[in-house]
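Opening the notebook on a new chain today. I'll jot down what I look up as I go.

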Amino acid sequence: MSLLVHTYVRGRSGKDHFLEDPEHGLTLAGFESSRTKLWGAEPVRALGARFLPRLAETDLCVEPEETEEFLAECELLRPHTAALAAHAGFHEDYVAARLANIRAAAERALDVGGGVIVW
């Protein structure tokens with residue numbers, strides 16, 4: 001099973017509406033094991049991440065008002081993909097691509113005042 005990342009906007013009624021995201025490969029956020037081995041691992045937490053580590057316990061829903069802060073977290077992790085990959089036992093390109101997908105979803109959400117879900 002894989003983790004997926006999507007963007008959403010909240011309608012006036014309070015109901016969430018998923019935006020049309022790019023093709024399947026660009027919505028991948030990692031293997032299911034990435035929840036704990038990568039995004040929820042101590043090296044990510046040590047860098048100051050507070051959103052992605054939640055994946056170790058549950059799906060991640062970034063509210064629209066948190067999207068800018070979430071995007072900053074993605075940028076914080078970007079220079080550390082080699083170290084994060086080494087710790088998790090993944091290839092650096094794998095981690096960089098999954099982080100790029102997550103970052104791109106956050107950018108799309110920011111453009112429309114929406115949020116991000118990783119599940």
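Predicted model: local features only at pLDDT ≥ 70, side-chain atom pairs only at ≥ 80, totals over all residues.

What percentage of the 119 residues of the protein chain count as buried? I get 43%.

Next, the overall dimensions. Along the principal axes, the C-alpha atoms fill a box of roughly 45 × 30 × 25 Å.

Then the secondary structure. I count five helices and five strands. Reading from the N terminus, I have the order β-β-β-α-α-β-α-α-α-β.

Contacts came next. Taking those between residues at least 6 apart in sequence, I see that 65% join residues at least 24 apart.

On to the core. The largest nonpolar core has 29 residues, and Trp 39, Phe 70 and Val 116 touch the most other members. I checked which elements give it two or more residues: β1 (2-10), α1 (34-39), β4 (60-62), α3 (67-77), α4 (81-88), α5 (92-112) and β5 (115-118). The largest share, seven residues, comes from α5.

I took a closer look at Val 116. Skipping neighbours within four places in sequence, I find Val 116 in contact with Val 5, His 6 and Tyr 8, with Leu 60, Cys 61 and Val 62, with Phe 70, and with Ala 105, Ala 106 and Ala 109.

Last, the surface and charges. The accessible surface comes to about 6,200 Å², and 54% of that belongs to carbon and sulfur atoms. I have 12 positive and 19 negative charges, with their mean positions 3 Å apart.

Note on methods: Residues numbered from 1 in each chain as written. Heavy atoms only, no water. Helix = DSSP H or I, 4+ residues; strand = E, 2+ residues; numbered from the N terminus. Buried < 20%, exposed > 50% of the residue type's maximum accessible area, 1.4 Å probe, protein only. Contact = heavy atoms within 4.5 Å. Areas by Shrake-Rupley, 256 points an atom, 1.4 Å probe, with all protein chains shown as cover. Lys, Arg positive; Asp, Glu negative; His and termini not counted. Charge placed at Lys NZ, Arg CZ, Asp CG, Glu CD. Core = buried A, V, L, I, M, F, W, Y, C linked by side-chain atoms within 4.5 Å.
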